[in-house]
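Here are my notes on the model, as promised. Have it open while you read, and go through the points in order.

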Amino acid sequence: MSVHELETLFQDKVDKEIKIEPKDWMPEKYRKTLIRQISQHAHSEIVGMLPEGNWITRAPSLKRKAALLAKVQDEAGHGLYLYSAAETLGISREEMLEQLHNGTAKYSSIFNYPTLAWADIGAIGWLVDGAAIMNQVPLCRTSFGPYARAMVRVCKEESFHQRQGFEILLTLSKGNEAQQRMAQDAINRWWWPSVMMFGPKDDESPNTLQSMKWKIKRFTNDELRQKFIDVCAEQVKFLGLMLPDADLKWNEERGHYDFGKINWDEFWQVVNGNGPCNKQRLDARRKAHDEGEWVRQAAVAYAEKKKMKATMVAA
């Protein structure tokens, strides 16, 4: 069967909503696109533990500490699911981590911003995890089976994270004047980076059209960004706070909120490694990886010893 015939059959399966599984034939570009997207998603989950992790010991109550600890633990689990899904495409976890550590692989630009106050944890939950949910719910129907199945659990847990963050901000918004200012300041700093999480504009996103055809993506960057802004513009009213956008207003004709100009120069600066915390985040990841080498070696040695014992018993 020719490559053209295989590509036709492949696209026919995708069009019929039949999941593509790891052992199925797939175009090499489809495989590489998935590896890039899933590994970047996994890296984002792991690096995303860092901005919140340093607030676990400083959370204002035991309840808040326990909830934040559980959330950070969830993010580690999400990374595990996603690395495992990517491995089914023929790339090793070691190779993916090497790409992260040497800077050739990207992760979400949002995690290169600092968490300066407790309210930032609320803003991350509401805005960052809210944007993640907007991005990730459609991925439960993505064409690659392992990725779609991993996303079902990820989205359920991210929904909890989003509600947790909103509840933190809601509590602060009902507090004293200083707490209200803290909540508003956090929203002011995290709003635009969250809007940028959906990636570049559609006309500057080179992979969107092909990913839509292959049903890796179900919506474009700008479609998802607009949905996110529409939702947040209504939710912020319950907080009695404001989104930092003087141009934000309802457009009756479009049936959507109009919004201000995005600072794409800032977006590309952060993506290209020049954000406030890019170096700090990668240094922390490399340090954790190097210091955890003995744990990985011990796990491999234990697995080999267990396998040897099983072989001896079977013999």
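1. Start with the H2/H7 pair. The axes of helix H2 (residues 28-47) and helix H7 (residues 145-173) come within 13 Å and cross at roughly 25°, so H2 is roughly parallel to H7 (angles under 35 degrees count as that). Axes here are lines fitted to C-alpha atoms over the stretch in contact, with angles from 0 to 180 degrees between N-to-C directions; helices are DSSP runs of H or I with at least four residues, numbered from the N terminus.

2. A word on the source: this is a predicted model, where local features need pLDDT of at least 70 and side-chain atom pairs count only at pLDDT 80 or more, while totals for chains, interfaces and linings use all residues. Residues are numbered from 1 along each chain as its sequence is written, and side-chain values use heavy atoms, with hydrogens and water left out.

3. Who meets whom in that pair? On the H2 side you'll find Leu34, Gln37, Ile38, His41 and Glu45, and they meet Tyr147, Met151, Val154 and Glu158 of H7 (contact means heavy atoms within 4.5 Å). By class, that makes five nonpolar, two polar and two charged residues.

4. The core has 76 residues, and Tyr30, Ile38, Trp126, Phe144, Trp191 and Phe228 touch the most other members. Helix H6 (residues 118-136) gives the largest share, ten residues. Leaving out residues up to four places away in sequence, Tyr30 touches Phe10, Ile20, Ser143, Phe144, Trp214 and Ile216.

5. Have a look at His161, in helix H7. Is His161 buried or exposed? Buried, with a relative accessible area of 0% (buried is under 20%, exposed over 50%, partly exposed in between, with a 1.4 Å probe and protein chains only). Not counting residues up to four places away in sequence, His161 touches Lys71, Asp74, Glu75, His78, Gly125 and Asp129.

6. Gln226 sits in helix H10 (residues 221-239) and is buried too, at 10% relative accessible area. With residues up to four places away in sequence not counted, its contacts are Arg254, His256, Tyr257 and Phe259.

7. Two backbone angles to check. Glu17 isn't a glycine, yet its phi is positive, about 65°; Glu17 lies in the loop between helix H1 (3-15) and H2 and is partly exposed at 41%. Lys215 has a positive phi near 60°, in the loop between helix H9 (208-213) and H10, but Lys215 is buried, at 19%.

Definitions and conventions: Angles under 35 degrees count as roughly parallel, over 145 as roughly antiparallel, 65 to 115 as roughly perpendicular and the rest as oblique. Ala, Val, Leu, Ile, Met, Phe, Trp, Tyr, Cys and Pro count as nonpolar, Asp, Glu, Lys and Arg as charged, and the others, Gly among them, as polar. A nonpolar core is a set of buried Ala, Val, Leu, Ile, Met, Phe, Trp, Tyr and Cys residues joined through side-chain atoms within 4.5 Å.
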